[in-house]
Amino acid sequence: MTGKPFRVLPCITPENRHFWTGGADGELRFMRCGDCRYWIHPPAPICPECLSKEIEIEAASGRGVIHTYTINRKEWYPNLHPPYPIAIVSLDEQEDLRLTTNIVDCAVDEVEIGMPVEVVFEEYDEVYLPMFRPRRGS
Amino acid sequence: MAEHLEKRAIVSGIGQSEVGRRIYGGDDRWERMPLDLTIDAALAAIADAGLDRRDIGGICTYPGNMDTPPGFSAVGVTELQDALRLELDWFAGGLESPGQLGSVIGACLAVAAGLADHILCFRTVWEASAQGDKGREAVTMGGGGGSFKARTFLQWSLPFGAPSAANWIGMMAMRHFHEFGTTREQLAQIALNARKNAALNAKAVYREPMTMEDYLGVRMISDPLCLYDCDVPVDGSTAVVISRADHAPDMPNPAVHVEAVGSALHGRPSWDQWDDLTTMACRDAGAMLWERTDLTPADVDLAELYDGFSFITLAWLEALGFCGHGEGGPFIEGGSRIALDGELPLNTHGGQLSAGRLHGYGFLHEAVLQLRGQAGERQVAGGPEVGVAAAGGGPLAGCLLLTR
Ligand SMILES: [Zn+2]
């Protein structure tokens, strides 16, 4: 098998499939309101801003900044070895469009709040986990 | 203005089982299993209130019987009701409530509404025995591998190796450090203060002295949180009896009155989607509490504030207005202000960090002991009259303002 670490995977449902499988096409997809254009995450069948049910799936740029992070130092799972950075990334599209993720391709002591990052996917069966690495160029 | 009905409730009785690390007797013993511990706490609380079990008209608990995580909550209303053959007019248990003490707030409202005269509230944990010698890894969600798939809110964190509240709270603490310059040396005071107070509590799990050097030298769990920022799983049960205030004259112990409660959750109910990650749900619950009373933070003589992780206590101090938002670090710096003889004695029994993770109810139990003047060696001097008990971190928060 591959040298990939152990990952607990999400249960794929009609509501979250776009998010967890969009990486197959290299896209970080979210729900977005077809009326007021508000990005919705986690998925919900209604826009919390305008209550429209015209929900569309749309790819975000995949660029954002680290809003906060932690360096996990404890081994919670076999074959997922600490230390590794866990972060909440705020996407450029909308200040409150955020997700919990890992920061990759970056030394743990170089991770910092405000760091510009971009999405990169790790594939596990049909699931593509969106990770983020320091942004290259612009 | 609406009447604040919680003022019709009193804490009339308190009780607690034996508390400790893995006090379970073994596979062929039922003593000190969850129901046995619960019964000990319940009967103690009923007796402490001067009542008989036939007087108990209701049970409220958090969170009710759950299979997982192991030991998190192995007893619900049903088991206790049946074991004691209680005839109930009201009962409630559940995970979706304003923190662990949301169950007590519910009981206050039920007695105020006349659903029952006396309601038994309890919280039983058995995490130390259930985790065995493997520690918290033993209960990591999905750690068994295989076909487990993450659902609900857990799907957003488990795939990224972030199964623990230590990770989630660690990120909040990191943001607070970043915005306000809060330091590990400041945060350490929550742990050091708890340990100092635990030395005066015979039931506390960790009582040996802890120094700043010990704190800064111990291993990190999830930056900026180290091992001593995390509470310690124990076995134990805590119970309180909530009665309608007109019963106060019949009680053998001084009645502790419920002056106000805080149960609000206005921000998004989420660990990572919360609007301002330097605050938690306690921001909303704390603000609500002060809207329901003429008392102010300056009137409070002692604070028993949840410390599942040390940073949660700091968040509660800010949320309850003992200091401004972002000022928690300087407020606790040096530790003298929150010491047993300071201006705001904090977590006087040792908190969950040193006395054990009784999961919210330990703070209420301690606040009542202190307000009654029954806290023994660790009694706050001067006859404290006003105390706060608060529980919950992240999107969970509930608090009570209590008066003697
Ligand atoms: Zn909309």
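Asn79(A) sits in the loop that links strand 5 and strand 6 of chain A; helices (H or I, at least four residues) and strands (E, at least two) are DSSP runs, numbered from the N terminus. The model is predicted, so local features need pLDDT of at least 70 and side-chain atom pairs count only at pLDDT 80 or more, while totals for chains, interfaces and linings use all residues. Residues are numbered from 1 along each chain as its sequence is written, chains are lettered from A and ligands numbered from 1 in the order in which they are written, and side-chain values use heavy atoms, with hydrogens and water left out.

**Chain A as a whole**

- Chain A has one helix and nine strands, and their order from the N terminus is β-α-β-β-β-β-β-β-β-β.
- The C-alpha trace of chain A spans about 45 × 35 × 25 Å along its principal axes.
- Of the 138 residues in chain A, 53% are buried (buried means under 20% relative accessible area, exposed over 50%, partly exposed in between, with a 1.4 Å probe and protein chains only).

- Most residues other than glycine have a negative phi, and most peptide bonds are trans.
- Asn79(A) is not a glycine, yet its phi is positive, near 65°; at 40% relative accessibility, this residue counts as partly exposed.
- The loop between strand 5 (63-72) and strand 6 (84-91) of chain A also holds Pro83(A), and the peptide bond from Pro82(A) to Pro83(A) is cis, with omega near 0°.
- In chain B, the bond between Asp223(B) and Pro224(B) is cis as well, with omega about 0°; Pro224(B) lies in the loop between strand 6 (220-222) and strand 7 (225-226).

- Arg85(B) is in the loop between helix 2 and strand 3 of chain B, and its phi is positive, about 50°, although it is not a glycine.
- Arg85(B) is exposed, with a relative accessible area of 62%, whereas Leu86(B) is buried at 5%.
- Leu86(B) and Gly57(B) are 29 residues apart in sequence, and their C-alpha atoms are 7.5 Å apart.

**Buried helices and cores**

- Helix 9 (residues 310-319) of chain B is largely enclosed by the rest of the structure, because 10 of its 10 residues are buried.
- Gly321(B), which follows helix 9 of chain B, has a positive phi near 80°.
- Helix 3 (residues 102-112) of chain B is mostly covered, with nine of its 11 residues buried; Val104(B) and Cys108(B) are among them.
- The largest nonpolar core has 101 residues, and those touching the most other members are Val104(B), Ile242(B), Trp316(B) and Leu402(B). Such a core is a set of buried Ala, Val, Leu, Ile, Met, Phe, Trp, Tyr and Cys residues joined through side-chain atoms within 4.5 Å.
- A second, separate core of 34 residues includes Leu99(A), Ile113(A), Leu129(A) and Trp156(B).
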